[in-house]
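I opened this model to look up a few side-chain features. My notes follow the order in which I looked.

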Amino acid sequence: MKRRQIDQGTYYRGVPTSPYDLVKEITLALGVLLVVVLVLSAVLSSPDVPPVTIQSWAKSAPLDFLQTATAELQGSTISADYGPPYNIDADGLDPSDTGASVQTWGPLAPQLWAGVHQPINPPETDVIAPLRLASVGRPGLGAALVQYQAAGTVQEQTWLTNYQKALTKATTNGPLVRVPAGAYGPVNVMMQALLADGRAGALDSLLLHSGRFYVTDYTKPLLFLADGGYFPGLAQSQKLTGSQWGMMNETGRYPGQAWLWLYTLWYQIPPYSTAQNADLLVVLTMGLLTTLLLLVPFIPGLRDLPRWLGLHRLVWREHYRLEREARRLGGGGGGSTAR
Amino acid sequence: MSAEPRDDTQGPRSWTGSLRRLIERDLPIEHLLPDREPAYVGSWVYVFGVVTIAALILTIASGVVLAFFGPQWWHVSPQGHFFNSLHFWSVQMFFVFMVLHLWGQYFGQGWRDGRATTWMVGVVVFLVSIVTAFTGYLSQQNFDSQWIAVNAKDAINATGAGAFFNVLNFGQMYGLHVMLFPILIVFLVGLHVVQVRLRGVVKPPAEERP
C-alpha cells in the first residue's frame, strides 16, 4: 500500500520556525500546576461526607427503616422488581413478571441480555437471611422465623399488609419504634429484632455475610439503603438527586464530575425527564453524540463549523498577520493549509 | 555442515529490524524532542495539551501515594486527606485543561492533513478519563460514592453492562481505578503524543481571502 503520509521536511517547507523547548515547557507547567494544586488543597481541602450505614439509618430514621424492611419482605420495593442483573421476578408472587422495571427501547431490552449476575431476592436477602444468622441463641426470634416461613404466601402478605398499616400509627422514641398490637403474627418480633440488629451495627455485617472472610461487594446493603427514604433524603439535602443535576454535583460546595454536564442535562428535559426508560434513552443519546465527536473529522458540517466560525483567526492572528505581510512583500506564505 | 549464523535482526523480514527502521524513518529523536517548531506554535492554544499532561502526572503521583496506603487511609489521616485533596484537584485540573485542549483542537481543526486518527485517539483518551474518574468517585468510600453508585447502576444496567461492570462492587471499581484504567490512559496519551510528534503540529488553516 502506498504511504499517503508526507514527511515533516516536505510538510513544513517554507514555514518559518522558532526555538522551542518542550522539556522546559512541561517542567514549568508541572511546577506551576503543582503550586496551584497545593494551594487549592491547603485552602479548600476535599469533600469527605461519611457514608450512611445501616446502623446510622436504623438509629436516625427507625420508622423508615422498618417500613422499608417490611416492604422488602412484601417484595414491593424497587429492587424486588428490578430485573437483571439482580433478579427476575424476585418477589416470586407473579410468575409472568419477568422484571417489571426493565427498560426497553422498542423491541430492544439490553438489560435482559446478560441475565442475572448478582442475585438479589429482597425478602430473603435483606430480612430472612440476616435474621436466620442472628437467631442463633435467640429462641424467640428463631420461633418467629419458623412460624413466618411455615405460613403460606397469602398469610404472610396479610400479616405484612397489616403491619405496614400499623407502622403508619407507630410511635417513635429515639431509635425505638412502638407498634400498636395487631394481627401480624410473628412479623413484629422479626422486625423489632431486625431493627435492634440494625441499631447495634450487626446488620451491616449480616447483609455482607457470604461465608468468606474478605468482602468487597456492597451490592446488597446499597440496594437495601436505596429502597428506603432516609438515604435519598440525605442526597436531596446535598443537592445530589437526578432532578438537581446531581450526577455532576459533589457533596458540599465542591466541583463534582462537571464533565458529565451534557449527560446530566438530558435528565432535566422532556422526553427524557418523563420517560420510563430515561436511562436507556440517555445512554443511547450519549452514545450517538460520542460517536459523532469521535468521527468529527469525517462529518461534513461538523468538521466545517470551526472554519465558518473563524476562531482560529484569533488563535493564530500573529501567524496570519505575518503571512499577509509576506504576501504583500511578494514572499511565500506556506504556513497554512487549504482546509 | 551448518550454514553461517545469520543476523536475523538485520534481515529484511525481521520484525525487530522493520520496527527499528520504521521508528528511525518516521520518529527520529529530533521529531520526538524537537528544539525548533513552526513559529505559529507560539500560540497559547498549545499550552493546554502540555498542562493536561502535567495534571495527569500530578494525578498519577498523588494516586500512587493513596493506593500505597490503601483506600481507608485518607479518611483517618490528615496527611492522607491532604493527598486525597491533591488527587482531587489534580483531576479537576486535568479535565479543565483536557477540555480546553479538545476545544482548541476542534476550533483549530487539528485533524487536517492526515491527523484524523490523532483526533480520534484524543477523544478516546477523554472517554477513558471519564470512566476512570467515575471509578475514582466510586472508590472514595464515602457518601458521595454510595450515592453515585446507586444512581449510576440504573444507566449501566439498562445497557446490560451491569452484569459485568457492577458499580456497587467496591473491589471491582477500586481495582479498575488504580490499575487497569490508569495503564490504559498512560498508553493512550503516549500514543496520542507519538502521533503528534510523528506528523508534526498541523499548520493553521489557510486564510480565506475575499
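I began with Leu33(A) and listed its contacts (heavy atoms within 4.5 Å). Leaving out residues up to four places away in sequence, Leu33(A) touches Val51(B), Ala54(B), Ala55(B), Leu58(B), Met93(B) and Phe97(B). I noted that this is a predicted model, in which local features need pLDDT of at least 70 and side-chain atom pairs count only at pLDDT 80 or more, while totals for chains, interfaces and linings use all residues. Residues are numbered from 1 along each chain as its sequence is written, chains are lettered from A and ligands numbered from 1 in the order in which they are written, and side-chain values use heavy atoms, with hydrogens and water left out.

Next I looked up the nonpolar core, a set of buried Ala, Val, Leu, Ile, Met, Phe, Trp, Tyr and Cys residues joined through side-chain atoms within 4.5 Å. Buried means under 20% relative accessible area, exposed over 50%, and partly exposed in between, with a 1.4 Å probe and protein chains only. The largest core has 124 residues, and Leu33(A), Phe65(A) and Phe95(B) have the most contacts inside it. Helix α5 (residues 78-107) of chain B gives the largest share of this core, 12 residues. Helices here are DSSP runs of H or I with at least four residues, numbered from the N terminus.

Then I turned to rings. Rings of Phe, Tyr and Trp (its six-membered ring) pair if their centres lie within 6.5 Å; planes under 30 degrees apart are stacked, over 60 edge-to-face, and the rest tilted. I found 29 aromatic pairs over all chains. One of them is the tilted pair of Tyr82(A) and Tyr86(A), at 4.9 Å centre to centre and 55 degrees between the planes. Tyr82(A) is buried at 6% relative accessible area, and Tyr86(A) is buried at 1%. For Trp266(A) and Tyr272(A) the centres are 5.3 Å apart and the planes at 50 degrees, so this pair is tilted. In chain B, one aromatic cluster is made of Trp103(B), Tyr106(B), Phe107(B), Trp111(B) and Trp119(B).

Last, I checked charges. A salt bridge is a side-chain nitrogen of Lys or Arg within 4 Å of a carboxyl oxygen of Asp or Glu. Asp304(A) and Arg307(A) form one at 3.2 Å, N to O; Asp304(A) is buried at 8% and Arg307(A) at 18%. Arg321(A) and Glu318(A) form another at 2.8 Å. Both lie in helix α17 (residues 317-328) of chain A, three residues apart, about one turn of the helix. Arg321(A) is partly exposed at 39%, and so is Glu318(A) at 44%.

Asp279(A), in helix α14 (residues 278-294) of chain A, is buried yet has no salt bridge. The nearest side chain of opposite charge, Lys153(B), is 8.1 Å away; Lys and Arg count as positive, Asp and Glu as negative, and His and the chain ends are not counted.

Note on methods
Helix = DSSP H or I, 4+ residues; strand = E, 2+ residues; numbered from the N terminus.
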